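Please look through the sequence and the model below before reading on.

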Amino acid sequence: MNSQNDKKEKISTRRTYLLLRRSLFQLLEESPFEKISLIQLCDHSMVPRSTFYRYFEDKYDLLYYCLQTFFEDSHLDKDIVYLKDGNGRKFVEKLIRIIHEQRDSFQKIYQTNKNGIFMDILRDYLIQVLDQKLKDLMAQGCQLQISQPVFTRLLADLYVSMATCCLDLGEESSIEAFVQDVCLFAEMEFFA
């Protein structure tokens, strides 16, 4: 009997996380993050505030959870730091393909939030992910030639800029052409 209750709780918990995640992203398409209230989020998701607080401290905690889940579900955490031997090209191509697959939603979120705190939160989250991945690599013997804070911040800025550039350009270039341009830029091959 206890395992039946545990199973119901797990299903209920997963459903609550999913409802809140979907609602946050839908609301981000319509309003800047800083203007989304907890009441609005709970009403939209049909999750009571008391239930929300059982899982999250505030909307920022929910946003970090959503970003973490997005990266895990997209498998974007692999090769995010170690960009040698073609891994960088694979990572860039994977990220751009994900953006293209969900272009309408990402475009709305970006346009609605590009001048707000959402982009700063995204950048800070990327820095945390990169710091952790870098620590893991360094534990395996990988050495950086530049300081870790400079590396993680510049790489986070590169990824955010790459995604926003892709969204700003829209359908002006193919995925392959965009990836090629980004890789040539990273290799500093600006001129023929």
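## A residue in a loop, and the chain around it

Ser-31 is found in the loop between helix H1 (2-30) and H2, where helices (DSSP runs of H or I, at least four residues) and strands (runs of E, at least two) are numbered from the N terminus. This is a predicted model, in which local features need pLDDT of at least 70 and side-chain atom pairs count only at pLDDT 80 or more, while totals for chains, interfaces and linings use all residues. Residues are numbered from 1 along each chain as its sequence is written, and side-chain values use heavy atoms, with hydrogens and water left out.

With a relative accessible area of 17%, Ser-31 is buried; buried means under 20% relative accessible area, exposed means over 50%, and partly exposed lies in between, using a 1.4 Å probe and protein chains only. Leaving out residues up to four places away in sequence, Ser-31 touches Ile-36, Gln-40, Thr-112 and Asn-113, a contact being heavy atoms within 4.5 Å. Ser-31 and Lys-108 are 77 residues apart in sequence, yet their C-alpha atoms are 9.5 Å apart in space.

The protein chain as a whole has nine helices and zero strands. Of its 192 residues, 39% count as buried, and among contacts between residues at least 6 apart in sequence, 69% join residues at least 24 apart.

Ser-45 has its place in helix H2 (residues 38-45), and at 1% relative accessibility Ser-45 counts as buried. A polar atom of the Ser-45 side chain lies 3.3 Å from the backbone oxygen of Cys-42, which can be read against the definition of a polar contact: a pair of N or O atoms within 3.5 Å, where within protein one must be able to donate a hydrogen and the other to accept it, and residues adjacent in sequence count only if both atoms are side-chain atoms. Not counting residues up to four places away in sequence, Ser-45 touches Leu-19, Leu-20 and Ser-23.

Met-46 is found in the loop between H2 and helix H3 (49-55), and at 69% relative accessibility Met-46 counts as exposed. Most residues other than glycine have a negative phi. Met-46, although not a glycine, has a positive phi of about 60°.

## A buried lysine and a buried valine

Is Lys-59 buried or exposed? Lys-59, which is found in helix H4, is buried, with a relative accessible area of 13%. Its side chain reaches the backbone oxygen of Phe-33 at 2.8 Å and the backbone oxygen of Glu-34 at 3.4 Å. Apart from residues up to four places away in sequence, Lys-59 touches Phe-33, Glu-34, Lys-35, Ile-36 and Phe-52.

Val-182 lies in helix H9 (residues 175-186) and counts as buried at 15% relative accessibility. Leaving aside neighbours within four places in sequence, Val-182 is in contact with Val-92 and Met-162.

The table lists C-alpha separations for two residue pairs.

| Pair | Apart along the chain | C-alpha to C-alpha |
|---|---|---|
| Lys-59 and Glu-34 | 25 residues | 9.4 Å |
| Val-182 and Val-92 | 90 residues | 7.9 Å |

Two packed helices are described by the angle between their axes and the distance between the axes. Here axes are lines fitted to C-alpha atoms, for helices over the stretch in contact, and angles run from 0 to 180 degrees between N-to-C directions.

Helix H4 (residues 59-74) packs against helix H7 (residues 118-139) at an angle of about 55°, with the axes 11 Å apart. H4 and H7 are therefore oblique to each other, since angles under 35 degrees count as roughly parallel, over 145 as roughly antiparallel, 65 to 115 as roughly perpendicular and the rest as oblique. The residues of this contact of H4 with H7 divide into ten nonpolar, two polar and one charged, where Ala, Val, Leu, Ile, Met, Phe, Trp, Tyr, Cys and Pro count as nonpolar, Asp, Glu, Lys and Arg as charged, and the others, Gly among them, as polar.

The axes of H7 and helix H8 (residues 148-169) come within 9 Å and cross at roughly 130°, which makes H7 oblique to H8. By class, the contact of H7 with H8 has twelve nonpolar, three polar and five charged residues.
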